[in-house]
Amino acid sequence: MQRLLASLVLLGAVGASAAWLVTAPQPLPADVVAQAPGDAQRGARILHVGGCASCHAAKGAKGADRLKLGGGAVLATAFGAFQPPNISPSPDGIAGWSLADFDNAMRRGISPDGRHYYPAFPYTSYARMTAGDVADLFAYLGTLPAVAGEPAAGAIKFPFNIRRGIGLWKRLYLDTGPVARLPATAPAQVRAGQYLVEGPGHCGECHTPRDIFGGLDRARWLQGAPDAEGKGRVPGILPARLKWSAAEIADYLKTGFTPDYDSVGGSMVEVQANMAQLPEADRTAIAAYLKAVTP
Amino acid sequence: MLRSMFAAVLAVAVILPAATAAAGPIEDRQAIMKGNGRDTKMGGEMLKGVVPFDAAVANKILANYAAAAKAFPAHFPANSKTGGDTEASSAIWTMPADWKIATDKFQKDTAAAAALKPTDAATFGKAFGMVTANCKTCHEGFRIKKN
């Protein structure tokens with residue numbers, strides 16, 4: 001009996017340490033982590049592709065205020081209320097961060113003090129970014145206005161409020177490989193679009209449905225999903241659901257008008273405002289990828 | 001010849017104000033938006049050069065916008081929050097002050113655009129831009145796409 005108890009305790013201890021181990025943060029290895037110096041000028045484009053301002057600038061901010069990244073509106077989802085933090089170069093933001101800290105946040109979802117971030121911060125997509133783009137973005141963020149103040153913490157529901165559990169979640173869903181299988185003959189433009197859509201642009205985070213654990217259902221990649229905040233539906237954007245030509249997709253991203261001159265709406269308004277800032281070649285590449293993906 | 005034919009066809013098409021059947025507020029406001037969409041398509045194609053610029057048509061489009069903006073807010077009574085595949089967001093009724101700001105701006109901008117009375121494509125482009133900047137700001141918070 002005592003032996004049984006002892007083995008149970010031992011088993012429990014082994015299980016707990018195993019759980020502790022598999023949920024541990026996995027920082028980027030030294031040969032992968034982004035290297036300084038980044039190019040701030042090139043980083044501006046990455047900021048727009050990544051849509052940083054959509055969550056980290058004040059809600060409804062226009063013009064220069066979109067570069068004040070003190071933390072924006074709460075994202076109210078079924079998992080709880082997520083508060084985007086201050087990412088401006090202020091002591092309340094990321095002023096004290098190293099490039100490695102920033103890269104581990106972007107591509108591993110780990111804070112400088114070694115905690116997991118919630119995937120409301122779309123590092124599952126950012127994980128596909130190149131080290132160079134991360135370095136450029138970091139350099140650019142450093143040139144933006146410092147905003148004082150930390151926004152109040154969000155309110156996450158049980159069991160999702162156990163941050164350590166995200167470590168396990170990451171083992172299931174944090175995958176740096178490409179999502180869509182493109183033919184070997186896919187043109188460079190389509191591949192450039194794949195990088196923008198699946199990586200920094202994180203289009204799949206809203207346009208792909210999620211499973212019960214909040215991971216993206218890759219079998220239904222970009223096929224449309226219920227809105228994360230419960231406001232209607234986010235449309236599918238692959239040819240099966242979206243009948244627009246590549247030129248029409250690129251034009252929509254630039255002007256905010258559909259081919260029928262309906263206008264962009266909902267959360268896509270922010271996204272389109274970002275996309276309009278990009279070079280034409282990026283919008284064309286995104287469109288080329290969306291036309292090339294076969295589910 | 002072809003040009004004037006185009007213009008004639010366009011003029012007939014835009015001269016009709018948005019069909020406002022007395023079916024109910026949801027149908028009425030949808031008809032107004034449908035009219036806006038039709039006018040915007042026409043204006044956009046003129047500005048892109050898909051169809052030739054016609055000042056009469058352009059001014060009619062702007063007049064239609066102003067009339068639509070004026071009529072629009074009256075079609076959101078409290079009993080029309082749901083039903084009839086409406087895409088109206090509940091924010092229209094829960095944030096009435098914000099809604100009023102948006103609809104007031106739409107009225108002000110459409111009136112100012114119509115007052116420009118453009119005689120060339122460049123001026124029409126300016127007026128068109130003043131009006132259509134309202135589309136996304138309003139659809140961001142007050143419309144919910146269901147499909």
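Me: How should I read the way α4(A) passes α6(A): is the crossing left-handed or right-handed?
Reply: A crossing counts as left-handed if the near helix is turned anticlockwise from the far one by less than a right angle, and as right-handed if clockwise; in this case, α4(A) passes α6(A) in a right-handed crossing. The model is predicted, so local features need pLDDT of at least 70 and side-chain atom pairs count only at pLDDT 80 or more, while totals for chains, interfaces and linings use all residues. Residues are numbered from 1 along each chain as its sequence is written, and chains are lettered from A and ligands numbered from 1 in the order in which they are written.

Me: At what angle do helix α4 and helix α6 of chain A pack, and how far apart are their axes?
Reply: Two packed helices are described by the angle between their axes and the distance between the axes. Here α4 (residues 99-108) and α6 (residues 131-141) of chain A pack at about 120°, with axes 10 Å apart. Axes are lines fitted to C-alpha atoms, for helices over the stretch in contact, and angles run from 0 to 180 degrees between N-to-C directions; helices (H or I, at least four residues) and strands (E, at least two) are DSSP runs, numbered from the N terminus.

Me: Which residues in α4(A) meet which residues in α6(A)?
Reply: From α4(A), Leu99(A), Phe102(A), Asp103(A), Met106(A) and Arg107(A) meet Val134(A), Ala135(A) and Phe138(A) of α6(A), two residues being in contact if their C-beta atoms, placed from the backbone, lie within 7 Å. This contact divides into 6 nonpolar, no polar and 2 charged residues, where Ala, Val, Leu, Ile, Met, Phe, Trp, Tyr, Cys and Pro count as nonpolar, Asp, Glu, Lys and Arg as charged, and the others, Gly among them, as polar.

Me: Into which domains is chain A divided?
Reply: Domain bounds come from an automatic or database domain assignment, and chain A is divided into domain 1 (40-173) and domain 2 (188-292). Their centres, taken over C-alpha atoms, are separated by 21 Å, and the contact takes 22 residues from domain 1 and 19 residues from domain 2. On the side of domain 1 that touches domain 2, the elements giving two or more residues are α2, α3 (52-56), β1 (75-77), α5 and α7 of chain A, with the largest share, 5 residues, coming from α2(A). That side of domain 1 has 13 nonpolar, 6 polar and 3 charged residues.

Me: How many residues does the contact take from chain B and from chain A?
Reply: The contact takes 13 residues from chain B and 14 residues from chain A. On the chain B side, α2 (25-48) and α6 (121-142) are the elements that give two or more residues, and by class this side has 2 nonpolar, 5 polar and 6 charged residues.

Me: Where is a cis peptide bond found, and which residues does it join?
Reply: Most residues other than glycine have a negative phi, and most peptide bonds are trans. In chain A, a cis bond joins Ala36(A) and Pro37(A), with omega about 0°, and Pro37(A) is placed in the loop between α1 (2-22) and α2 (40-50). The bond from Phe158(A) to Pro159(A) is cis as well, with omega near 0°, and Pro159(A) lies in the loop between β3 (155-156) and α7 (165-173) of chain A.

Me: What is phi of Leu222(A), and is Leu222(A) buried or exposed?
Reply: Phi of Leu222(A) is near 60°, a positive value in a residue other than glycine, and Leu222(A) is found in the loop between α9 (204-207) and β4 (225-226) of chain A. A residue is buried if 20 or more other C-beta atoms, placed from the backbone, lie within 10 Å of its own, exposed if 12 or fewer, and partly exposed in between; Leu222(A) counts as buried because it has 29 C-beta neighbours inside 10 Å.
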